[in-house]
Amino acid sequence: MAHINSTYHDLARLVYKKLTKTNYPQPSESILHHLFENLFFTSLKTEEGQLIKVTVTFIDPADPDPTPPERIVADRWNYIHFRKRIPFTVKNIVKLSKAADPWSSSLAVYYDANNELFIWGMIDQAVHYQDFLNYETESGSEQPGFFQTTISDIGSIYVMLDYELIATLKQNTLISNYVDVFRKGTVNNILKSFSEPYKKAIRSYIKKQYKDEDPRDWDEYIETSIIQSLSRILLKTQNYHHGGAFLITPYKKAGLNVKHELSYDRLCKAIINYIQLNISHYKYSNAIANEFSKDEKNLVPVSLYVSENVSEAKKKETSDEIKGAIRFISSLSCIDGLVVLSTDLKVKGFGTVIRSKPLPQYVYVCRSATVRDDKVTAVSPNQFGTRHCSMFSYCWNNNGSLGFVISQDGDIRAITRVEDKLVIWENIKVQQFIKSEKISRPLHIKNDLDKQLAQPIASEHRED
């Protein structure tokens, strides 16, 4: 849900309401107002000609780590005290931001007995948090403090509770809910259909290598791999702050003027290879765990041990290959014109211009992942820019196509035709967010979560 004509005061009120649903002590609304007011005005400044980007962790210096885990992993976050507290002012935030890149660290902030905010130190190891949010790693550790808030652009602030995005202020628009189109609903169903070539390749591999394995057990993992790869392409493009567009379609030149035509299938091949290696590694690991771990006298055969280690090493290599392919594809968006991909994510060209085609009379902005009449609002396509209108035109006239448009301000929209409607989703959830356990949910949501947690995980690849 998005509210226009909002201010940092509205952001403070929304975050305060969210925090009251937790079992943790929360600051007053006036303290949050002061916090977001300073961050908002900081976002309007520059330092050495560059925009300010910084993360603030709201954390108590008297008890910064109240419930540490039994085992402290080597790459866990830590707090570093300044010798003197620094007043939480726009000037001080701007200066310190140069030493606190959100991908490396955050500023530790709290308030005193007079409700005055101050900066008391820094938190390190933020790169692992960012890696998880952006699908660069498969797991993330617990987060420090009560919540984190980040300046991401001019007038843009978002607030995280653990790994859950609870609010975003973009200039004068307050967003309290992101639509999860990748996990359910119409877009998810389209992407599932796009994953069929991958499923076919994996079924063939399993049939040849592991006849006792049911290929259907890996279908969900394959679908997740496709969705995560696409999400990573969109996120990387978003970070360029250039804007861009991706069209996924059964590739035909009709209606497209492809300036730089090519055929790049490395991402497709790497994803299939990675899934195959994951299956092999899973089988080797299970064999060791099931057959040899219970009896210390029963030694693991050298060949099995080597096979497991080799598959793990190859998985890492292929994961790096996927990362490189994703960045290559994302960089193609920096040239004016859209990037065209076939439905199996093979790049067919970039710098593409869509030839003029009739626009629908209306486009329908959808507020839920599934298209329902009570969740759509009809608007004129002329409210959008040229890039969006071009995508509207193509998707309207080419059923089965799926478009993504990234604005210069970072907004990502998904577009496709659903029966007699050209549907657009705004404020879509792209990063790897997880609902925080700190927030109490309505009973029906809690029951759904309890049911999910009660389901047994049959194997390693079900964790995704």
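Trainee: In this predicted model, is Arg-413 buried or exposed?

Mentor: The relative accessible area of Arg-413 is 13%. Because buried means under 20%, Arg-413 is classed as buried.

Trainee: Which residue meets the side chain of Arg-413 in a salt bridge?

Mentor: Arg-413 belongs to strand 19 (residues 412-418), and its partner lies in the loop between strand 20 (421-425) and helix 11 (443-454), so the pair ties together parts that are 13 residues apart in sequence. The N to O distance is 3.0 Å, and the residue is Glu-426.

Trainee: How many residues apart are Lys-95 and Glu-47?

Mentor: The side chains of Lys-95 and Glu-47 form a salt bridge at 3.5 Å, N to O. This pair links distant parts of the chain, with Lys-95 in helix 3 (residues 90-97) and Glu-47 in strand 2 (residues 46-47). Lys-95 is exposed at 51% relative accessible area, whereas Glu-47 is buried at 13%. Their separation is 48 residues.

Trainee: How far from Cys-389 is the nearest cysteine sulfur?

Mentor: The structure holds 0 disulfides. Cys-389 is accordingly in no disulfide, and the nearest cysteine sulfur, that of Cys-395, lies at 12 Å.

Trainee: What is the accessible area of the nonpolar surface patch that includes Val-306?

Mentor: Val-306 lies in helix 9 (residues 302-331) and is partly exposed at 40% relative accessible area. Together with Val-300, Val-302, Tyr-305 and Val-310, Val-306 forms a patch of about 430 Å².

Definitions and conventions. Residues numbered from 1 in each chain as written. Predicted model: local features only at pLDDT ≥ 70, side-chain atom pairs only at ≥ 80, totals over all residues. Heavy atoms only, no water. Patch = residues over 30% accessible without salt bridge, like charges linked within 9 Å, V, L, I, M, F, W, Y side chains within 5 Å. Areas by Shrake-Rupley, 256 points an atom, 1.4 Å probe, with all protein chains shown as cover. Salt bridge = Lys/Arg side-chain N within 4 Å of Asp/Glu carboxyl O. Helix = DSSP H or I, 4+ residues; strand = E, 2+ residues; numbered from the N terminus. Buried < 20%, exposed > 50% of the residue type's maximum accessible area, 1.4 Å probe, protein only. Disulfide = S-S within 2.5 Å.
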